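Here is a friendly walk through one protein chain, taken a neighbourhood at a time. Have the viewer open and follow along.

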Amino acid sequence: DRLIDKIAAGEVVERPASVVKELVENALDAGARSIDIAIEAAGVGLIRIADDGHGIAADDLPLAVSRHCTSKLSDAAGLSAILTMGFRGEALPSIGAVGRLAITSRHREADGAWRIAVDGGRTAPPEPAGRGVGTTVEVRDLFHATPARLKFLKAERTETAAISDTVKRLALSAPGVGFTLVMNGRTTEYPPGSTAERARQVLGPEFAEEAIALAAEREGIRITGHLGLPTSGRASSQHAYAFVNGRVVRDRQITQAIRAGYQDVMARDRHPVAVVFIEIDPAAVDVNVHPAKADVRFRDTQAVRGLIVSSIRRHLAEAAP
Ligand code: ADP
Ligand code: MG
């Protein structure tokens, strides 16, 4: 049912950066320690993600690219307590519906690797291939199957910036994992390290030197992170790096709470630069709001918001000369 696949794909795969997010999250779910990302032509030409995770068994390759097939959810109750990042089984088939998808994978218990290809929603049978344990996912000619979507992509520079922002956020979410991004002939490396080291790599030495450590806990909600100096420039959401239970989120309420925490010490035209990790009982948060899975719904929004605002305010006040 290829039309339905294309409609579903539109929900998950908005732009090249959304493909990068889905594929890197899969690599993290697979326990990768090292993730290599290669991008050509702003992701429309090529997105290649190679990981050293547990891999996919040959028998499971066709399943991985079928709709609603996921290895990460055993029962419906698991939905509310989900800990892995992917769980819908929609990303790979959606990507296969709008681009040329190839997956080469060697499962950690297998003797060899296998490769499967999907083009315009059609899957070819798996073939033997060569690689070590782990998975390489390659997406070429993204949106060639949906020219309308291709037309609505922004300028190459904008899509490239969105990819680099996505990789930064994912890298901040998993400091113990090494990342390499090769894009437009430029290589960016984030070697594995502590949260603070990763913040320095991603946001720069100036951020790291000025930043105030954030730590607070109340009613089972824990908040940690780094508060940087406010900056001028574009939208505040771009400088608010927020994570819920280790997942990247882009949530207006969280961004606004961070901003409210800075309010007293920040001029009108400035934006907070902050990395904020929120840990909360998985049953008290819904991460299933949208297939792109970037916004969240808390059972008690006020408690989360209140703790973000008050802890940021207090930390900033304490650090003031
Ligand atoms: P989901 O992540 O929601 O389960 P996906 O469509 O993203 O759905 O992936 C489908 C399945 O393919 C996953 O459940 C997983 O079993 C397998 N898979 C995808 N990418 C990888 C990877 N990099 N390493 C190991 N398994 C993978
Ligand atoms: Mg996934």
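Predicted model: local features only at pLDDT ≥ 70, side-chain atom pairs only at ≥ 80, totals over all residues.

**Helices, sheets and what lies between**

The crossing of α9 and α10 is right-handed, where a crossing counts as left-handed if the near helix is turned anticlockwise from the far one by less than a right angle, and right-handed if clockwise. Helices here (H or I, at least four residues) and strands (E, at least two) are DSSP runs, numbered from the N terminus. The contact draws on Gln253, Ile254, Ala257, Ile258, Ala260, Gly261 and Tyr262 of α9, together with Thr301, Arg305, Ile308, Val309, Ile312, Arg313 and Leu316 of α10; residues are in contact if their C-beta atoms, placed from the backbone, lie within 7 Å. By type, the residues of this contact divide into nine nonpolar, three polar and two charged.

Residues are numbered from 1 along each chain as its sequence is written, and chains are lettered from A and ligands numbered from 1 in the order in which they are written.

Back to the helix pair. Two packed helices are described by the angle between their axes and the distance between the axes. For α9 (residues 252–262) and α10 (residues 301–319), the axes come within 7 Å and cross at roughly 30 degrees; axes are lines fitted to C-alpha atoms, for helices over the stretch in contact, and angles run from 0 to 180 degrees between N-to-C directions. That makes α9 roughly parallel to α10, on a scale where angles under 35 degrees count as roughly parallel, over 145 as roughly antiparallel, 65 to 115 as roughly perpendicular and the rest as oblique.

Helix α9 also leads us to a sheet. It lies across β12, β13 and β14 (274–279), running at about 125 degrees to β12. These strands belong to an open sheet of five, in the order β10-β11-β14-β12-β13, with mixed pairing; strands pair if DSSP finds at least two bridges between them. At the edges are β10 (212–218) and β13 (247–249), each pairing on one side only. From one strand to the next the twist averages 20 degrees. Strand β12 (residues 240–244) and β13 run antiparallel and are joined by three bridges, and alanine 242 has valine 249 as its bridge partner in β13.

In the loop between β11 (221–227) and β12 sits glycine 228. Leaving aside neighbours within four places in sequence, glycine 228 is in contact with Leu203, Phe207, Glu210, Ala211, Val273 and Ala274.

Strand β7 (residues 134–140) has five of its seven residues buried, so it is largely enclosed by the rest of the structure. Strand β2 (residues 46–51) runs antiparallel to β7 and is joined to it by six bridges, with aspartate 51 opposite threonine 135. Strand β3 (residues 100–106) also pairs with β7 in the antiparallel sense, over seven bridges; here isoleucine 103 is partnered by valine 137.

Our last stop is valine 20, in helix α2 (residues 16–29). Valine 20 is buried, with 24 other C-beta atoms within 10 Å. Beyond residues up to four places away in sequence, it touches Ile37, Gly43, Ile47, Ile163, Thr166 and Val167. Helices α2 and α6 pack at about 25 degrees with axes 8 Å apart, which makes α2 roughly parallel to α6. Helix α6 (residues 156–173) packs with α7 (residues 195–203) too, at about 170 degrees and with axes 9 Å apart; that makes α6 roughly antiparallel to α7.

Stepping back, the chain comes to ten helices and 16 strands, and buried residues make up 43% of its 321 residues.

Technical notes. Contact = placed C-beta atoms within 7 Å. Nonpolar A, V, L, I, M, F, W, Y, C, P; charged D, E, K, R; others polar. Buried ≥ 20, exposed ≤ 12 C-beta atoms within 10 Å, placed from the backbone.
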